[in-house]
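Thank you all for coming.

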Amino acid sequence: MSKSDSEISNKKHLCFCVKIHTMSKEMQLKITISIIIILLGTSGVLGYLFYTTHKNNISEIQTLNDIILNTESTLTQKEHDITFLHEAFQREQERNNDLEERVQEAEDVLGIIVKIQNTDKELLQKYSKVYFLNEHYQPEKLRKISDKYIDDSREQEQYIHSNTWPFLKDMIDEAEDDNVDLQIISAFRSFDEQTNLKSSYAVSYGSGANTFSADQGYSEHQLGTTIDLTTKELSGSYTSFATSYAYEWMLANAHKYGFTLSYPEGNAYYQYEPWHWRFVGKNLATYLHRKNLHFYDLDQREIDEYLVEMFD
Ligand SMILES: [Zn+2]
C-alpha cells in the first residue's frame, strides 16, 4: 500500500468515528437495541438447535437402551430354553442308559439260561450206590488225548470231554514245571468198556471187584470228565499213587484246574481212590478245597449252582 492509500484509509476511519460521535443518542440507542435483538435471536436459534439435537440424541439412546434390554431379555429366554433342552436331553439320556442296562441285564439272564440249557446237567451230578448214569449216556463231545500224556502201560487210545481237555492239559503241563510227572491211565470209559472191565476184574477178584470198580466210579468215567492218574515212576500202578509226591501235588493244586478228588480216604460213599479225579470246574473245586469238603459232601442243589460256570 502506498503512503497516500494509507492516509486515505485513516481518513475514512476517522470520518466513521466522527460520524458515530456525531449521531444522535436516539440513533445510538436504536443501533444498540438492534444488536441486542440480533444477539438474542441468534442465541435463541442456537439454543433451539441444541435442544432439538440433544432431544434426538436422548431419544436414540433410549431406543438403543430398549434394544439392549430386549436383546438381554431374548438372550435370557434363550438361555432358559437351552438349559431346559439340555436337562430334557440329560433325562432322555438317563432313560436310554436305564433301558440299555435293562436290555443288558435281560441279555445276561438270557445268556445264562442258554448257557445252562447248553451245559450237560449230568456233568455235575452225584452218582450214588443207588443212582447211576444211564447206560446210553454219551458225552456231548470227546477228543483224543495226545499220547505224551498217556501212561506207557496203556495201549488203548484215551478220550476226554473236549471242554475239560484245556484244563487237564494245563494241569499236567504245570505239574511238569514243578517236576511232577503226571500220566493218565484212564479217562473216558463207555458203559460197555466199563462192563467188560468189571467182568475181567470179577474173573480175577470175584465179588471183591465191586470195591474198586463199582458202578459209582464207572459213572464218573462215562461222563468223560474224569481221569485216573499215575506217574512214570509208578509204572501204571494205581494203589501206590497215594504215597507219591504227585498225589501231594494234586491235593494242593488240582482245584486250580477244576479237578477234585471224588473218593477221599474215609469217605462214606466208596472206597478210597487217590488216583481218581473228576473235573467239576475251577469255582466249585476251589470252594471245596477252601472248605476242606468233598464233592459228595455237598447237596445236589448246591452243586447245581456251579453248572453254568463249570467251564469258565
Ligand atoms: Zn477212576
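Let me begin with burial: a residue counts as buried if 20 or more other C-beta atoms lie within 10 Å of its own, as exposed if 12 or fewer do, and as partly exposed in between, with the C-beta atoms placed from the backbone. Before we apply that, please note that this is a predicted model, in which local features need pLDDT of at least 70 and side-chain atom pairs count only at pLDDT 80 or more, while totals for chains, interfaces and linings use all residues. Residues are numbered from 1 along each chain as its sequence is written. Helices (H or I, at least four residues) and strands (E, at least two) are DSSP runs, numbered from the N terminus.

With those terms in hand, look at strand S6, where His276 and Arg278 point one way, Trp277 and Phe279 point the other way, and all are buried. In a regular strand the side chains alternate between the two faces of the sheet.

S6 belongs to an open sheet of four strands, in the order S3-S4-S6-S5, with antiparallel pairing. At its edges stand S3 and strand S5 (259-261), each with a single partner strand, so one side of each is left without a neighbour in the sheet. From one strand to the next the twist averages 45°, where axes are lines fitted to C-alpha atoms, for helices over the stretch in contact, and angles run from 0 to 180 degrees between N-to-C directions.

Two strands are said to pair if DSSP finds at least two bridges between them. Three bridges join S4 to S6; here Ile227 is partnered by Trp277, and Asp228 stands opposite His276. S5 and S6 pair over three bridges, with Phe259 opposite Phe279.

How many of the six residues of S4 are buried? The count is six of six, with Thr226, Asp228 and Thr230 pointing one way and Ile227, Leu229 and Thr231 the other.

Now to helix H7 (residues 245-253), in which Ala246, Tyr247 and Met250 are buried. These three cover an arc of only 100° around the axis, which puts them on the same side of H7; the arc is that of the directions from the helix axis to the C-beta atoms. The face turned away carries the exposed residues Glu248 and Ala252. The buried residues of H7 pack against strand S3 (182-186), strand S4 (226-231) and strand S6 (276-279).

Finally, a nonpolar core is a set of buried Ala, Val, Leu, Ile, Met, Phe, Trp, Tyr and Cys residues joined through C-beta atoms within 7 Å. The largest one has 38 residues, and among those touching the most other members are Leu168, Leu229, Phe259 and Trp277. Helix H3 gives the largest share of this core, six residues.

Definitions and conventions: Two residues are in contact if their C-beta atoms, placed from the backbone, lie within 7 Å.
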